[in-house]
Structures are given as C-alpha cells and as structure tokens.
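Please look over the sequence and the model before reading this note.

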Amino acid sequence: MKKIDWRHWHAWLSVLLSIPAFLVGLTAILIAHNKTLGLNGVSVDAGWLPGLTPNAQAAPDIRSTLSLADGRRFIGGKAGLFMFENNKLTAVSELAGYEIRSLAANKGEIAAAGNRGVWLNSEGNWLQIYRQAVHSVQIGSDGAIFIATQNSGLLFSDDGGTSWRPDAATLKAFEQLPAEALREDYSVGKLILDVHTGKAFLGKHWEWLWIDLLGGLLVFLCLSGVYLWWRGQQRKAALLGKG
C-alpha cells in the first residue's frame, strides 16, 4: 500500500485555500471602510459571478408600497421604483437600479427613500433632495419631510429638501425616556457577529481596527504562504535539473 504524502497534500490544499482566505481578508477590510470609501455608491455588473447570475424566474425583492387616492400604486424594491396603474407596471426611469426602501405621500407630493438618498416628486419630475442612505421617509401634514438616515439619525426639512436639520424635538423626547425603554433585544446571533467584527471588544467606533488587523494578517499569510510554496517548487526543480 502506497504511503500517503501528507506534506504534499498539505502544501497543495494550503495553496488552494489561500485564494478564498485572501478574498475573505481583503473584503473584510473593504467592508470595514465601506462608508469612507463610498463603495455603496459605485455600481458594478456582477452577473458574471456564478452565484449572482440573474434568475428571470425569481420574484422581485420588494421593500415598500404606496397606494394613492387616484388609483395609482407605487412599488419600491432593490431594482428601483415602479408605478402600477390600469393593471400595467411601469418603471420610474430616474430611480432605476436604486434600492427604494420607503415611500410617502401628502397633498400631491410623493417621496421615495433608499440606499442612495431621497427623491421628491411634486409636478411629475423626480428630484433628488438627499444623497445618503435612508431607512424611511414621511411627509407631515404641514409638508415637512422627515427621514430616518443610516448615518445621521433623524432629520427633517421644512423647505422641500433644500436644507436638513436634526429632529431636535424627537431626540429630546428620547432623552427623557428611561434607559430600560431603549434597551434593544440582543440575541446570540448578534453576539457572535459582534465578536466576529471586534465590536464586542473595541466598540462600534474602533471595530475597523480589529478587522484591519486580522484581515491584513490573513492577506499577508496567504501571499507569503504562496510565495514560500513557489520558492520551494523552484528549488525542487533546480535540484532535479542538477540531478
């Protein structure tokens, strides 16, 4: 029975695994600095990747819907905004490809919010009035626009989106609540994620340091490991040539 060369298998498997390990380390660093680099604002065609091949039969990813008194219905999702009228669906070209998470309307004005900001339609044209990621939007009875942003908290505008200010009244009301009322549910899954990203040890503000350190170390080990393996193959070939 032929003896298994474990060193040989270990070397080749290490080289093969260095590719996904390198990608994990590199993408971890990029994810940690996603906001600084503005990666969510850069569009890319990734349909050539086998796991991201478009599926024509897949149901659309719907995130929001809004019905108006005139019979129109707007539907927002990852592919953009669509208007449903007279049993016909029409894409809103100005918002094509933008994820629309929230919709609101009041007195003829329609607001759409998503990962690229907020758009307002008052006379048939869609005008972008905010340019950062937003979770939800609402239009008050007085026409003021309120948004829950991803990075700047609660904001509102009383001039049609020309300027934005923190929603001081709501924030002050939150400060008056007891800490127990603001406690969020914390699951085992969330704990595992916070340990993985380093937030559990360094906090949200400094978790990028943990990710940069471990991601950079993983990238270094992958590159240096492949280099050392290549040098070993070169030396082996040289020795066989002399023999």
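1. Basis of the note. This is a predicted model, in which local features need pLDDT of at least 70 and side-chain atom pairs count only at pLDDT 80 or more, while totals for chains, interfaces and linings use all residues. Residues are numbered from 1 along each chain as its sequence is written, and side-chain values use heavy atoms, with hydrogens and water left out.

2. A sheet with β1 to β4. Here 4 strands, paired antiparallel, form an open sheet in the order β1-β2-β3-β4. Strands (E, at least two residues) and helices (H or I, at least four) are DSSP runs numbered from the N terminus, and two strands pair if DSSP finds at least two bridges between them. Because β1 (62–67) and β4 (88–91) stand at the edges, each with a single partner strand, one side of each is left without a neighbour in the sheet. Within this sheet, β3 (residues 80–85) is joined to the antiparallel β4 by 4 bridges, and Phe82 has Ala91 of β4 as its bridge partner.

3. Strands β10 (residues 145–149) and β11 (residues 154–157) pair in the antiparallel sense over 4 bridges, and the partner of Ala148 in β11 is Leu154.

4. The largest pocket. A pocket is an open set of points on a 1 Å grid over the protein atoms alone, where a 1.4 Å probe fits, with protein on both sides within 12 Å along at least five of seven lines; lining residues have an atom within 4 Å of a point. Of the 37 residues lining the largest pocket, Ile31, Ala32, His33, Asn34 and Lys204 lie nearest its centre. The helices α1 (6–32), α2 (34–37), α4 (188–197) and α6 (207–242) each supply at least two lining residues, and the largest share, 7 residues, comes from α6.

5. The second largest pocket. This pocket is lined by 15 residues, and those nearest its centre are Leu39, Val42, Ser43, Val44 and Ala46.
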